[in-house]
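The following exercises are to be worked with the sequence and the coordinates at hand. Each task is followed by a solution in steps.

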Amino acid sequence: MRRAFLMMMVLVVLGLGSCNYSRNMYTSPAFSAAAKHHKTIAILPFDVQVGLRPNQMRRLTPEGLYALELQHGRAVQSAFQIHFLKKVNKKEEKVLVQDVNVTNSILKEHDIQPEELSSYPATELAQMLGVDAVLVGSLTTDKPVSTAVAALYAVYTFLYTPYVGGIGPTNTGNTVMRIYDGASGDLLWSYDKVLSRGLGSDTHHIIRAITRKASKKIPYSQK
């Protein structure tokens, strides 16, 4: 009976989860003027660094970890394209978004990996991709507490110390996004965000949450 009750409480807490975030955003005074000349923007694959727990790291080779980070980098890129279209271009097309498959194909032709993008000037990337603006970004994820440990702690807290609130995050993400003008290379928009998710979450939850929130803040609506 007690075991069944504990399992029920774990499921309840999993459903509740937790979410905390902080944000730092900058929009250049020149954004509106520059955006008037933007017909197409390219969303580049994100440079992702995945932080895993020791037991997870032992199961991955360096090549496997790199492949996982590439996968997540393209997942952020694709998710941001979808949210960009839903939020920025919801009522009318403010700026055309180059399909990420086209973007990645051109980068592959030039043998450029996501972690190398920061070494290229925005003007060079824009010219290479044939766009008027580029969005570049990075994402660092971490798993400070396993889901099982957090669930057990939550149940213990509920049963024995109900007035001690808070459940440690099981997944955290720190992202940096930048929009650069392709003609001048000037920084037009910056968005830095730290977000944590609680029980029942994974890296995909972090990706969806961050890209959804960030897309709402892109000031192309002023175009």
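**Exercise 1.** Which residues of α5 are buried?

*Solution.* The model is predicted, so local features need pLDDT of at least 70 and side-chain atom pairs count only at pLDDT 80 or more, while totals for chains, interfaces and linings use all residues. Residues are numbered from 1 along each chain as its sequence is written, and side-chain values use heavy atoms, with hydrogens and water left out.

Step 1. Helices are DSSP runs of H or I with at least four residues, strands are runs of E with at least two, and both are numbered from the N terminus. Helix α5 comprises residues 100-109.

Step 2. Apply the accessibility classes: buried is under 20% relative accessible area, exposed over 50%, and partly exposed in between (1.4 Å probe, protein chains only). The buried residues of α5 are Val 100, Thr 103, Asn 104, Ile 106 and Leu 107.

Step 3. These residues cover an arc of only 160 degrees around the axis, by the directions from the helix axis to the C-beta atoms, and therefore lie on the same side of α5. The face turned away from the buried side carries the exposed residues Asn 101, Lys 108 and Glu 109.

Step 4. The buried residues pack against β2 (40-43), α4 and α6 (122-129), where contact means heavy atoms within 4.5 Å.

**Exercise 2.** Describe how α4 and α5 cross, and name the residues in contact.

*Solution.* Step 1. Axes are lines fitted to C-alpha atoms, for helices over the stretch in contact, and angles run from 0 to 180 degrees between N-to-C directions. The axes of α4 (residues 62-87) and α5 come within 10 Å and cross at roughly 140 degrees.

Step 2. Angles under 35 degrees count as roughly parallel, over 145 as roughly antiparallel, 65 to 115 as roughly perpendicular, and the rest as oblique. The pair α4 and α5 is therefore oblique.

Step 3. Helix α4 contributes Arg 74, Gln 77, Ser 78 and Gln 81 to the contact, and α5 contributes Val 100, Thr 103 and Asn 104.

**Exercise 3.** What is found at the N-terminal end of α5, and what follows the helix?

*Solution.* Step 1. Asp 99 caps the N-terminal end of α5, with a side-chain oxygen 2.8 Å from the backbone nitrogen of Asn 101.

Step 2. After α5 comes Asp 111, placed in the loop between α5 and α6. Asp 111 has a positive phi of about 55 degrees although it is not a glycine. Most residues other than glycine have a negative phi.

Step 3. At 57% relative accessibility, Asp 111 counts as exposed.

Key:
A polar contact is a pair of N or O atoms within 3.5 Å; within protein, one must be able to donate a hydrogen and the other to accept it, and residues adjacent in sequence count only if both atoms are side-chain atoms.
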